[in-house]
Amino acid sequence: MNTNPAVGRYLLNCFSVEFSVQSVTVAQLPWTEETDMRELRTSLGNDWFVLRRGDKIYGLATVPKPSVEFGQATTVLPLSGYEGLDFMRARLNEALPELLPKYQAERVRPFRFLAQKDEFVADFAANHQIPEIVKRGFAIRPRFELEARTIELVEGELRVVVAMSVAMQWEISASLTDLAKQSVQLDGLYVLLKQPEPGERRLVGRIKSANQGNVELDETMDGRISVEADLVRLEGSKFSFKRCLSRLLGTRYRDFEVQREIWEAKFTSGPSFNEVLGKFSRNSRTVNLGLGIVATIGAAIPIQNTEGAPIYRELPPVEYCFDAAKTKRKTIPWSGLVEFGPYDSDTFEKRTPRILVVVPQSEQNKAEQVFGTFLDGVPNGQFPVGFARLFNLRQVKFGTCPVADQRLAPNQHAAAYRASIESHLSSGATYDAALVVVPDFSRQMPDDHNPYLHAKALLLTNGIPSQELRVATLYQPDMSLQYTLRNIAVSLYAKMDGAPWTVSQPRTYNDEIVIGMGMAEVAGSRVEKRQRHMGITTVFLGDGNFLLSNISRECSYDEYPEVLKASTKSILAEVKRRNGWQPGDRVRIVFHSAKPLKNVEIDELIAECVADVAGEQIVEFASLQVSQDHPFKVIDRSQPGKKYGQTMKGVYAPARGFVMQLGASTRLLATNGPDQIKRPLSPLPAPLLVHLHKRSTSKSLDALTEQILKFTSMTWRSTSPAAMPVTIYYSELIAELLARFRTLPDWSPALLNTKLRASKWFL
């Protein structure tokens, strides 16, 4: 382990870039709406690199004597400012494949290439006897990406760097005809063209059936309903691999997966990724960008604080609060619950909740034993006080709904659950929540036959949130079961409109709300003309307490910005009324979104909504993009990790709460440290990228970033923090369930915006 302070504790997965010039002279053309940039680039060929910025098009000659003229004037772009550096960053991105000419570019921007020697299936085959179709038709290779980025580690010091990331490329070249002969179920998998024409989309569509050398499609990108099997191959997704190899390898598939994880960790774990960076930067590399312009790619960048210019800091542990006065605090939520009880102990209304237990008849006795433990706890164990005492409940009443499961085929369970629940509820009994025990195999079942999904949807239409348990959970060893019961207890209490805990948050406003803005693709289609979207809005108080969620009407992607605007105004108006905003009140409204909308300035849309609804209040608002979609990672070379059995997990992973400046308006935030990482083979976790939009009037990015860390602790799905803040995490949970519910008969999301609007039904 490298602990030499001379090389720095922290390392960014980016290589330094030095340019051989201090400025660059570029040709210039005006841009108008009639300008077709793709057509312009085609006409210039490889003689010029062109880039549009605002109403200007800059061009840099890449050969001594271009065969085509470009530009009406020239201008000098200093590389000391953003405009010049951004131009060079874009030019470097186009030239990066020339940095490694021995590697064929799978993609140019970012430059993506595959390892030439390392391939897992061949490694596995060397020590295991596997079918020839697997040896020749399946491959997993390390896939590397290089991408030039502009960063600002110290304010006012812009620089271009090259970020490196590594993942795995899954490829299936096996013939569809041969796979079908081996009884591999191909329907529902996507196919790609083996040899697409220039400009032709590689993805063809989804298989309906495959027979006699032909593939029929039930969803296509270009309208075709069938394609010759020899012209296409399966998309190399993890789902396709599992479908094929679980059939082709049989019982050896488990060994395959175990060995695959070990092999992948040789590239993606913290120490392994550190070695990858070291090998690449062992020697500096150069690439020509234009006449007399050379970029030199150097070593990975160490992150070191200097006096007066700190680049990183480590946030204190999040404090969980268990009373309205915020005096009862703990840094471990479970310890706080056991010692103090829930945050809303004095105001929770359902003191004698009724809980429905839906369980297969064959497991009813075992379920009653486990739920007895759930209710009463395990003295001197990890679940010492039980559900009732933990949340200060007077009495918990269970109602049992047995499901006759004898001699049922797997695809008959969903109907059996629906029938049993309908019959039980027809008696007029009411419940505050439900615990639904389902067979273990239901996890692999398609949604239209999944018994829990059918049960959850039916219960929701009756206003009853539910919690899933698989039969295997009932038979867990006592020690493991106690941890599971803790998570179930927290989630179930939250689903009954309880608030287990909040977080400490300084209050300097009359009111503060935090709004998560998400989007669900509810059609489950990859064909744009068939896609339908729903906006998902989640609303919280500044301390993380959940207020409500809102689901917009279905719309196309082009319609979404207007739907989002209307939905946001409606939400703000409702919160203004509910919280009693008065003229002159100081209010802060914080918006979190996971990704930008194409051709939409989200901060301008939000500013318009705030001005329209809260014109009488003194409003500060902040619009933040909180994303995992970026190439940056940080290595902590002094982090030994946490003990896990006979080995260590989380080695080289920065601690939870590590924050690093990446730009004046951008931070990296580590939310998964060694304590949160589950297994030794887990990849080095990616931090969140937090970006403050320019129209925001609340500029305290450091405080807003710390609030995001606190909101990762506000998930009530378990006692462990989430990787994302609940503003986005909850939206993702809702989006996933909405897409799955769509496959069910008679499902309507209308109830979610009425009776269940304030419910955490999605946990």
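Select Val258 in helix 7 (residues 253-268). Helices here are DSSP runs of H or I with at least four residues, strands are runs of E with at least two, and both are numbered from the N terminus. The model is predicted: local features need pLDDT of at least 70, side-chain atom pairs count only at pLDDT 80 or more, and totals for chains, interfaces and linings use all residues. Residues are numbered from 1 along each chain as its sequence is written, and side-chain values use heavy atoms, with hydrogens and water left out.

Val258 is partly exposed, at 44% relative accessibility. Buried means under 20% relative accessible area, exposed over 50%, and partly exposed in between (1.4 Å probe, protein chains only). With Val258 they form a nonpolar surface patch of about 210 Å² accessible area together. Patch members have over 30% relative accessible area and no salt bridge; like charges are joined within 9 Å, and nonpolar side chains (Val, Leu, Ile, Met, Phe, Trp, Tyr) within 5 Å. The areas come from the Shrake-Rupley method with a 1.4 Å probe, and for residues only the protein chains shown count as cover.

**Into the cores**

Go to Phe387, Trp716 and Tyr730. These residues have the most contacts inside the largest nonpolar core, a set of 87 residues. Such a core joins buried Ala, Val, Leu, Ile, Met, Phe, Trp, Tyr and Cys residues through side-chain atoms within 4.5 Å. Show helix 19 (residues 726-741) next: it gives this core its largest share, 10 residues. A second, separate core has 83 residues, including Val26, Met164, Leu217 and Phe280.

Return to Phe387 and display its surroundings. Leaving out residues up to four places away in sequence, Phe387 touches Ile355, Phe374, Leu375, Leu393, Val396, Ala489, Leu492, Tyr493 and Met496. Contact means heavy atoms within 4.5 Å.

**Backbone stops**

Select Asn392, in the loop between helix 11 (386-390) and strand 20 (397-403). Phi of Asn392 is positive, near 55 degrees, in a residue other than glycine. Asn392 is partly exposed, with 35% relative accessibility.

Now Ser183, in the loop between helix 5 (176-181) and strand 9 (190-193). Ser183 is also not glycine, and its phi is positive, near 65 degrees. Its relative accessible area of 47% makes Ser183 partly exposed.

Then pick Arg109 and Pro110. The peptide bond between them is cis, with omega near -5 degrees. Pro110 sits in the loop between helix 2 (82-95) and strand 6. Step on to Arg112, within strand 6 (residues 111-114). Arg112 is buried, at 19% relative accessible area. Setting aside neighbours within four places in sequence, its contacts are Gln104, Ala105, Glu106, Arg107, Arg143, Phe144 and Glu145.

**Charged pairs**

Side chains of opposite charge can pair when their charged atoms come close. The structure holds 32 salt bridges. Each has a side-chain nitrogen of Lys or Arg within 4 Å of a carboxyl oxygen of Asp or Glu.

Select Glu219 and Arg206. Their salt bridge has its closest N and O atoms 3.7 Å apart. Glu219 is in strand 11 (residues 214-220) and Arg206 in strand 10 (residues 203-211), so the pair ties together parts 13 residues apart in sequence. Glu219 is buried, at 2% relative accessibility.

Move to Lys350 and Asp497, whose side chains meet in a salt bridge (3.2 Å, N to O). Lys350 lies in the loop between helix 9 (333-340) and strand 19 (354-360), and Asp497 in the loop between helix 15 (478-495) and strand 23 (502-503), so this pair links parts 147 residues apart in sequence. Lys350 is partly exposed at 26% relative accessible area; Asp497 is partly exposed at 41%.

Next, Lys565 and Glu562. Both lie in helix 16 (residues 560-578), three residues apart, about one turn of the helix. Lys565 is buried at 16% relative accessible area, whereas Glu562 is exposed at 53%.

**Last stop: confidence**

Colour by pLDDT, the predictor's confidence in each residue, from 0 to 100. The protein chain averages 92, and 97% of the residues score at least 70. Finish at residues 1-6, where the pLDDT is below 50; this stretch has 14 contacts in the model beyond near neighbours in sequence. Where pLDDT is low, the predicted coordinates should not be read in detail.
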